[in-house]
Amino acid sequence: MILNCHFDGIGSEEPPPNFIVEKVSVIVKATNETISFRCKFELPDENKSHLFYQVQWIIRGNYDASLTKQYYDRSRLNDLDLTDKDFEDNNIGLGVNITCAVRAFRKPKGQPGPLSTFSKPYFAGFVIRNTEISLRKGETKAIEFVNRVPLVCPGFPDSICFVQLQHIIPNDVKCSSKGSFAQRSCVTKLSKDSYNNISTVKITTSETGQYGVYGHFKVNLVYNPNKKFSFGLPKIWQKRYKLPTVNVEVFPEEDRSWRETICSARNDPHMQTFDNTRYEHHEHEGEYILYRHVNFKNVEIQHKIASCIGLTSHAKCNCGVAVRAGGDVYVINVCDRVLDIGYKRCGDKALTVKKDNDFTYTIYLPYGTAVRARIDNQPWMGQEGGKILDITVLPSVHDNVNSTGLCGSLNQNGTDDFKHRYNSDILSNETVNIFINSWKATPEESLFSSSNVQKMQLDKWNFPSCMCRHTSENAHALTTCDRSVSECTPGTQTGEHSCGGLSSARTRRSVSRRPNIPIVRQTSHYSTIRQHRLKKRNSESEGNDVVWTQTLAEKHCNEYFDSLKAFELCSKLPATHTHISVRTCALDIQLTNNTEWTSISRQSMQDTCTTEIHRNESVRQQVFAEVMNTSSPTLANNTNATTPSRVEIQEIEHIEKIVQEIKEITCLNNCSGNGLCENGICTCDENFGASDCSLDITTVPRLVGLIDNGMCDEKDGKCTHTYVFGEVFFGTNVTCRLRKFTFGVGESVKLHDKEFNIHGRADTLIEAWCPIEHIREKQSVSKDQTSDFAFGYQVSVSNDGKNFPPEPLNLYIYDSTCQTFENKMSSGMTFNLRVGHCFIEGLCVKNGTLNVQKTMICDTRVSNFSWNPIPTTTLAPATTTMTSEEDADTETFHIEIRTDITLSSAESLKISTIHQRYSKETKTALMQYYQPILGLGLKNIIINSLDFRSGSLKVQYAVIVQKDDFVVKALSVAVANFTRGAKLEMFGTDYSVNEVKIEDTRVGKETDKYQRFLLCESYTSLRPCEKHESCVLEKGFLTCIRTADSSVDSGKMNKIIIISSAVGSILVIIVFALVVTICCNRKKYKKRLENHKRTTGQNEYHDMNDTETVQIPRAKHNNDKSRGHTADQDNQAYQRDDGGSAVANTTINSRLTSGSYHE
């Protein structure tokens, strides 16, 4: 009884009780069914007085409410509790303080006694223990919180009783102080065990390619109940609840000695470790392990060196780099006149590859360490061409004392850099070659070979960091895990095509499959254009005139670099590593007895300078902002430093001016003499292009091939673009020219006249992206015309939009569902139709498929290229015989539901388009409902019929599931939940399910006391118990057990009485019968499965749009062979298509390993 504070007894002659209630507190009561809150207090001696009590409840917080419950004596104190119904009636969710006070009465509505003091508030929600956190760069800490409300899931096993807490970091933070979550996803699952226990969400700083500075970010934790599956939870758990914001202060790491360090391998190659130890590495060709991480065992960087062709010295050149993180391997290989740029293996999304310019790529490891590789044309490589790499490894805070390999250990101790790979001996400069050879990769370890990488057992990357943001502005939107550093790093992300194939929606293709990519070899196609011209060494070259000693080489390089404005400016900034390039320049001259390599050293100097400027930009900006704005919190507050003097401020301003000037004058290769450098970007002269103006844009690219040999199979998804491989693609004006061609069935190609010029994109030097989805014309094939059976495009690419290669490449677009191809030397490419299929209006259709809209079918006896009337004769359309193997591991159950969806006056299910739309929407809603509960056990859902009567939509459908007892139990729970309030979301609205039948057995409504009957009724309708068995709910699981007195006469009826609660606590008993005995029910169940299998082969047609089976009456079969058909043809059965299931090819053994339902 809930009333306002109104006392009819005031003024009566009976005095109020003098009992003063003491020690009032709020406690939580929880059962397997529900939770409630009790106002606990000390009761008086039962022998001295018989009192009635009133409890005043006050709720404040995310939701506010006040209510009074009164006039119950000690025998009915439960009626004073704050119950689940109170939370529903007052719209109360989590995040509230609950307090109560008590007073006594001698009789109901009598004189009230004194009101007690209000209890200490009980917080019903999540209590965050640390809302203020300080975090250093690279550090991980935990947000701790305690759940103060028990979690109960009536009718569900504990294994699937959980809720999820979303993590969100608002996207309004500077790159230098971004945060992330140190876990794999953006949600934390909370089970029953979370009640009154500490749960954690781990946070860390994101790696963004810049040094960390002081800053802050916020963390939002949000409980966002799933609308579809929160109906079984107590009402307090069914409201969205945002926890208090956690403020995180970010500080730089304590040990910053790793900053301003690099590991480099340059030219032929001259090596420098992280600790600035230098050595030469050109003794032997091969692949070497440049870098490994002590803790992250599945991370590695290899580099490859080969002889510098054309040189008489023993020098070797950098020509390849391969980077691995988890299951991702990315390679840049220009060795042996090959151009190979891209993923060798992918699927983890652990690596992020950025294209900085046409010739420079940066590969980011998931924890911030990066590899920067620049491709250069090498002098003295001959007319056959040749390129080298400049490789720099940029460490992160995680590499401090954790690196190993040829880059050495980053620990500010250069004496231990030459550590032997196997025995950990520390070697000296005299034995450096032993150190180098110990880190030579074995053939089995090589990351450069595609075939070798595909055979490797590569451990998955565990993603220790996850940046979580909303997928949309909607507060209820899901959060996504962004594991890349692409947002805060320069350049354009590239390389994804190696994982995604040709289509933008390859839902069925495994992302770990690497497409077939053609090999591109280097030629002299562009060799005469680059400033670093490829020369063939001869007796008149510069090297034969002068003998370059160490002194002469160093003098030449010092004078050369001193003359450069960029070198002068970069030398004034700390840690720009300009000395490395000067030393490299001198060593190259000594090795080659020539100065042709000097310009490459100059560009390496510019790269290391501008890279360090970017990495240190956050530090400079903060220092500059702090000293120029004295009203803001100063850096001195955190470093115990004094306020900068005027001289120091001037120095800071001077450094900032130097940085801006460097950015303005450092263009790639000084624009090769073919353009002007403006703000760090080359403006090229006419007919020149690329990032350094080194290439003639009028020279047409040399086309090599298309991805996947130019074959795009639309069975995997619609072909929306293709990738062209060749030598070379560059600049911003890449243009694709496309010309359509078509094939008739078994006929040769027919070329169309119309051409399309589409703006493309140069993803790397050797690959260009060409879109095709906007020019695809809708195919139209008439009943008798088959000329447009398959089609494709001639593809050509230009770097200037004007000059195209004379020989284009061919892209073939087909659907292997019904189309086959053959490429003969004599007749060329031809396409044919598979047996048992139609090709109608540009779509592959299986024989017997029904077009609901047209009420016609694919009948290959009549035509393979048009819809035909449903046969009404005794002859059946011929098709292939269905194999039983496809259904050996599945079971099918027929279910009927009624929903409260209504149709408008303008809608009728008799109209084919309306019927098709509702059929699609219903299937989608049912798949979304069952998938989280059944997981991998759900194979498909087939809509059998839709019928709108009496203001509700009746849906008859079949659920095809894995043949596993646990799946059937999960299905019984899912179906039973319809009677407990589960809803279906259709057309953006949630609709209730009013009636449920399983195999013609109606499932009853639930009451609190008869939950077992409801679940068992659902379960035994799907999987009847044996004779002398009965269904029970044991420890949250349904099972059939033998009972001593469960003998059932097959001629009797089983009756179940369901008692439901009515208004005013009057119980109305509804008696209904399940008109079937257990034995008969089982017999009927088996018979239905037999009928289903039989009619699958004989009475099923397929919906062309949804791949759904629609039952159609069929004429009696005629075995008369005089009609021109063989008995075999007449007895062939239709084949059911389960392709509509997202997990149609997934199998499980004895348990579900995914999804919501587990044993």
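Author: The torsion about the S-S bond of Cys570 and Cys609 is about -95°, so this disulfide is left-handed. It links distant parts of the chain, since Cys570 belongs to helix H6 (residues 565-570) and Cys609 to helix H8, with 39 residues from one to the other. The two sulfur atoms are 2.0 Å apart, and a disulfide here means a pair of cysteine sulfur atoms within 2.5 Å. Helices (H or I, at least four residues) and strands (E, at least two) are DSSP runs numbered from the N terminus.

The model is predicted, so local features need pLDDT of at least 70 and side-chain atom pairs count only at pLDDT 80 or more, while totals for chains, interfaces and linings use all residues. Residues are numbered from 1 along each chain as its sequence is written, and side-chain values use heavy atoms, with hydrogens and water left out.

Both cysteines of this pair, Cys570 and Cys609, are buried. Buried means under 20% relative accessible area, exposed over 50%, and partly exposed in between, with a 1.4 Å probe and protein chains only. H8 covers residues 598-615, and at 1.5 Å a residue it should span 26 Å, which agrees with the 26 Å between its end C-alpha atoms. The expected span is 1.5 Å times one less than the number of residues.

The structure holds 14 disulfides. One of them joins Cys186 and Cys468, with 2.1 Å between the sulfur atoms. Its S-S torsion is -90°, and the link is left-handed. This pair too connects distant parts of the chain: Cys186 sits in the loop between strand S12 (179-181) and strand S13 (187-191), Cys468 sits in strand S31 (residues 467-470), and they are 282 residues apart. Cys186 is buried at a relative accessible area of 5%, and Cys468 counts as buried at 1%.

Another pair is Cys818 and Cys844, whose sulfur atoms are 1.9 Å apart. The torsion about their S-S bond is about -60°, so the disulfide is left-handed. Cys818 lies in the loop between strand S47 (809-814) and strand S48 (819-824), and Cys844 lies in strand S51 (residues 843-846), 26 residues away. Cys818 has a relative accessible area of 0% and is buried.

Next come the strands. S24 (residues 328-333) is mostly covered, with six of its six residues buried. Asp328, Tyr330 and Ile332 are buried on one side, and Val329, Val331 and Asn333 are buried on the other. S24 pairs with strand S23 (residues 316-325) in the antiparallel sense over six bridges; two strands pair if DSSP finds at least two bridges between them. In this pairing Ala322 has Val331 of S24 as its bridge partner. S23 and S24 form a hairpin with two residues between the strands, and Gly326 in the turn has a positive phi of about 60°. S24 is also joined by five bridges to strand S25 (residues 338-345), again antiparallel, and Tyr330 stands opposite Tyr343 in S25. Four residues lie between the strands in the hairpin of S24 and S25, where Asp336 takes a positive phi near 55°.

Elsewhere, four strands make an open antiparallel sheet in the order S39-S41-S45-S44. Strand S39 (702-706) and strand S44 (761-764) are at the edges with a single partner strand each, so one side of each is left without a neighbour in the sheet. Neighbouring strands of this sheet are turned by 35° against each other on average, direction ignored; axes are lines fitted to C-alpha atoms, for helices over the stretch in contact, and angles run from 0 to 180 degrees between N-to-C directions. S44 pairs with strand S45 (residues 767-771) over three bridges in the antiparallel sense, and Arg761 stands opposite Trp769 in S45.

Leaving out residues up to four places away in sequence, Asn452 touches Pro443, Glu444, Glu445 and Ser446, where contact means heavy atoms within 4.5 Å.
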